There are 2 protein chains.
Amino acid sequence: MRKAPTIRDVAAAAGVSVSVVSRVLNPDSGPVAPAKRQEVLRVIDDLGYRPRAAARELSAGHALTIGLVVTDLSNPFFARLADRIVWEARSHGVQVVLMTTQEDPHLEADSLDTLLDRSVSGVIATPTGGNIEKWRRLRDLGVNVVFIDRAIEELDDVDVVSIENFDSAQRSTGHLISLGHTRIGLITGPLSTSTGSARVNGYKAAHQHASLPVDPTLVRDVPFRGDAGGDAVGSLLAMRQPPTALIVANTAQVQSSVRRLVQTGIGIPDELSLIVFDDNPWTELTTPPLSVIRQPLDMLAVHALELVLGRMHGKLPDGARRIEVKADYLPRNSCAPLVLSNAR
Amino acid sequence: MRKAPTIRDVAAAAGVSVSVVSRVLNPDSGPVAPAKRQEVLRVIDDLGYRPRAAARELSAGHALTIGLVVTDLSNPFFARLADRIVWEARSHGVQVVLMTTQEDPHLEADSLDTLLDRSVSGVIATPTGGNIEKWRRLRDLGVNVVFIDRAIEELDDVDVVSIENFDSAQRSTGHLISLGHTRIGLITGPLSTSTGSARVNGYKAAHQHASLPVDPTLVRDVPFRGDAGGDAVGSLLAMRQPPTALIVANTAQVQSSVRRLVQTGIGIPDELSLIVFDDNPWTELTTPPLSVIRQPLDMLAVHALELVLGRMHGKLPDGARRIEVKADYLPRNSCAPLVLSNAR
DNA sequence: TACAAAAGTGGAACCGGTTCCACTCCGGAC
DNA sequence: GTCCGGAGTGGAACCGGTTCCACTTTTGTA
């Protein structure tokens, strides 16, 4: 276990001062004679020298690192999001420290403290909705915060990247209405979250546009964690006048909802048309393949990174940006026109 | 954007020296009078002081951070593994820096360099198989390395945590044989990887045990990346004497394999019995639900963390540990006894 | 009462980079 | 020939912690 060389070792071996080595390491930080530059580079290569990140961070006051704070990686949506973000960050020479919150504000608060200790220069997060003050403080301390997928109303000066939630819900609801459905179930996220409320609003707007009444008992807002989606499916199907179509707009609850549908053995799309907000590969492996709203994860990731890095380098104008990317409807075989026989 | 307080600010406000504050921060590093300890704690709380990780790392020479190096997070196996590891690490106060390799040794090499720069005290990785020298150097520099899921033959002095690959393959093959199948297809990972070869060996052992010949044309080793699983399925089904049962032992290729099976419309389990190495929730949403080998991710994660942290604190004896955890067979409805009519 | 051991404290060096600044050269303009 | 500006260089302070060590004060024991 030998010790790694430091900048002073390099300086000594190259017969120059540490200042020169540092300037070679950071071009544009000062002039170096071409001959010495060559010599220093040779020695660096020779010794296998690599600058310690901790030392650099200490003197710079901030790290070339961003924090990624998501609910949990066992949710494929976040996993794939994380994958894109890590990938995108790497191509910009930025490392990613990963933290999960399990939708628990306390764990989130902990994570933020830790990220602050690490002097990360940015944070990309799907906020739980709590810790308003903490987020504010983080930003006041110079950390560039970008919310992804969800927003927090009270923090309207934080950048947000999300999909067009209102539009997507409106379009998918409209599609089902155009197929003749009038009783459309909706399973969405907590109404306290921006995604949850935007999707409900889109759902309502589609009804209004078609001059259809909204039956509030068909709308179920359930938490992101747990199996509440399955339960909601059960209770919707048990209604006296059950829906003839269902939109699962809570991505985290899609699996549990579909599992319940499979268990009850209800015929899709004959007895129930289904649209889910989740374009995981497995959605085409079910019988029938599911019609889905595709959430363009790479776009979310790219924009989030652009915002964080842009602010890091001060290349962005002041004022919060809200970026909404379009989510496509990908029709497969889980939606069918309503036929009278199943209009119970 | 105000500046965060430093240890000297705390010392000044509490009327003590920085040494005392530091000793309060790190119990066991020296005595502090109870009264002063209280006062220092009060000031810390008052000022909202938090020690900078970079400074601590610089003087300690290593960071309370581990690197997690996996192929890619869009693979649910790695995603869930990462989830468990992050979770487990957090409970020990350790942060996780995430890097992906896409199975590319060059990207892997890059990642290792970066982690070295960051002075991580441990690395948990699913190695690509390359970079032998780099791994060795990492370990020589005092970084605790643990391979998870896969091993590298040449690095027999590195800790490894994996499932019982040989056993799992032997048992699932044996199960199919006991159902009467004699032509069993196997799709596995590259034979150059420990998982790939162990699973083929288990498959062969089961045949030998039943005095069945092994038809090498039924065994397909395909890369972890890409859609080779689907192609292998296609070519297996196109054989003059196609298999009556199939084991997909390459977790990364399960989705593409199942997709192909669904596309060809082959009857499962009537025409083909199927066992896959992947216990993702979606495997029970297909028709029929798939019989799977469950890979106990939390066990893998727990053991890996235990090894890394154990070595970090020097609590472990010298010598590499190889931990194999048992993977259960979870029967569902994709396996059936061979009936003569479909023994083509 | 004397003296050794232990408790408590603060000064200063150190970890390994970056950066400011003073200083020496040099070429070109006048 | 003098003067000026810029290229090139190295010394030293600094970032914010930890730790060693010397020193003072207490405590315990003979």
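First, the ground rules. This is a predicted model, where local features need pLDDT of at least 70, side-chain atom pairs count only at pLDDT 80 or more, and totals for chains, interfaces and linings use all residues. Residues are numbered from 1 along each chain as its sequence is written, chains are lettered from A and ligands numbered from 1 in the order in which they are written, and side-chain values use heavy atoms, with hydrogens and water left out.

Start with the two chains. Chain B puts 51 residues into the contact, and chain A puts in 51 residues. Contact here means heavy atoms within 4.5 Å. Together they bury about 4,900 Å², with 57% of it on carbon and sulfur atoms. Buried area is the accessible area, taken with a 1.4 Å probe, that two parts lose on being put together, summed over both. On the chain B side, Arg90(B), Arg118(B) and Leu285(B) lose the most area to chain A, together 15% of what that side buries.

How many salt bridges are there between chain B and chain A? Six. A salt bridge is a side-chain nitrogen of Lys or Arg within 4 Å of a carboxyl oxygen of Asp or Glu. Take Arg50(A) and Asp117(B): their closest N and O atoms are 2.8 Å apart.

Strands meet here too. Helices (H or I, at least four residues) and strands (E, at least two) are DSSP runs, numbered from the N terminus. Strand S2 of chain A, residues 95-100, runs antiparallel to S2(B), and three bridges join them. Strands pair if DSSP finds at least two bridges between them. Val96(A) has Leu98(B) as its bridge partner.

Now the DNA. There are 25 residues around DNA strand D, and Ser19(A), Ala33(A), Ile7(B), Ser22(B) and Tyr49(B) come nearest. A residue counts as near if one of its heavy atoms lies within 4 Å of the strand.

Some distances. A backbone N or O atom of Ser17(A) lies 3.0 Å from a phosphate oxygen of DNA strand D. Tyr49(B) uses a polar side-chain atom, 2.9 Å from a sugar or linking oxygen of DNA strand D.

Which element gives the largest share of the surface near DNA strand D? H4(B), with four residues.

How values were computed:
Polar contact = N/O pair within 3.5 Å; in protein donor to acceptor, adjacent residues only side chain to side chain.
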